[in-house]
Amino acid sequence: MANNYISTGDRIPLAAPYAVASGAGALVGTLFGVALQTLANGITGEFAIRGVWDLAKATGAAWTVGAALYWDNTNKNVTTTSAGNTKIGVAAVAAASGDTVGRVRLNGSF
């Protein structure tokens, strides 16, 4: 194996850009991840940048399977609205407009 290999990149250490609960999403620059433990603002911890996660969902819009999803960093939730938000993945299952949680397959990139 090459001696410069570090990891698969599915989980990476990041400094929390704000207080974030374990299992909640956070945007660090253009990189989105799910905190694997509760972190205070500025504390470094592990974030998952791939996988399928249940995350806070903006109400008012239904999701279809495969719909593009974005992180609303103001409201700290996932939305189908692209304007002003960062693409993080796709809907893994359909969600109703009134749902507050949605299942997201993270795209693992920015």
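Trainee: Which residues does G42 touch, leaving out those up to four places away in sequence?
Mentor: Keeping in mind that this is a predicted model, G42 touches A15 and A16 once residues up to four places away in sequence are left out.

Trainee: And where does G42 sit?
Mentor: G42 belongs to the loop between β3 and β4.

Trainee: How far apart are G42 and N107?
Mentor: In sequence G42 and N107 are separated by 65 residues, and in space their C-alpha atoms lie 24 Å apart.

Trainee: Back to the strands, then: in what order do the four strands of the open sheet come?
Mentor: The order is β1-β4-β3-β2, with antiparallel pairing, and the edge strands are β1, covering 11-15, and β2, covering 25-28, each of which pairs on one side only.

Trainee: How much are neighbouring strands turned against each other there?
Mentor: On average, and with direction ignored, neighbouring strands of this sheet are turned by 50 degrees against each other.

Trainee: What actually holds strands of a sheet together?
Mentor: As a general point, strands of a sheet pair through backbone hydrogen bonds, in either a parallel or an antiparallel way.

Trainee: How many bridges do β1 and β4 have?
Mentor: Five bridges link β1 with β4, which spans residues 44-48, and the two strands pair in the antiparallel sense.

Trainee: What about β3 and β4, how many bridges join them?
Mentor: β3, made of residues 31-35, is joined to β4 by two bridges, and these strands run antiparallel.

Trainee: New topic: which strand holds D72?
Mentor: D72 lies in β6, a strand of residues 68-72.

Trainee: Is D72 buried or exposed, and what is the nearest side chain of opposite charge?
Mentor: D72 is buried and yet has no salt bridge, and the nearest side chain of opposite charge belongs to K76, 7.2 Å away. A salt bridge would need a side-chain nitrogen within 4 Å of a carboxyl oxygen.

Trainee: So what does the D72 side chain have a polar contact with?
Mentor: The side chain of D72 is joined to that of N75 by a polar contact of 2.8 Å. Not counting residues up to four places away in sequence, D72 also touches N77, T79 and N85.

How values were computed: Residues numbered from 1 in each chain as written. Predicted model: local features only at pLDDT ≥ 70, side-chain atom pairs only at ≥ 80, totals over all residues. Heavy atoms only, no water. Pairing = 2+ DSSP bridges. Axes fitted to C-alpha atoms, helices over the stretch in contact; angles between N-to-C directions. Buried < 20%, exposed > 50% of the residue type's maximum accessible area, 1.4 Å probe, protein only. Lys, Arg positive; Asp, Glu negative; His and termini not counted. Polar contact = N/O pair within 3.5 Å; in protein donor to acceptor, adjacent residues only side chain to side chain. Contact = heavy atoms within 4.5 Å.
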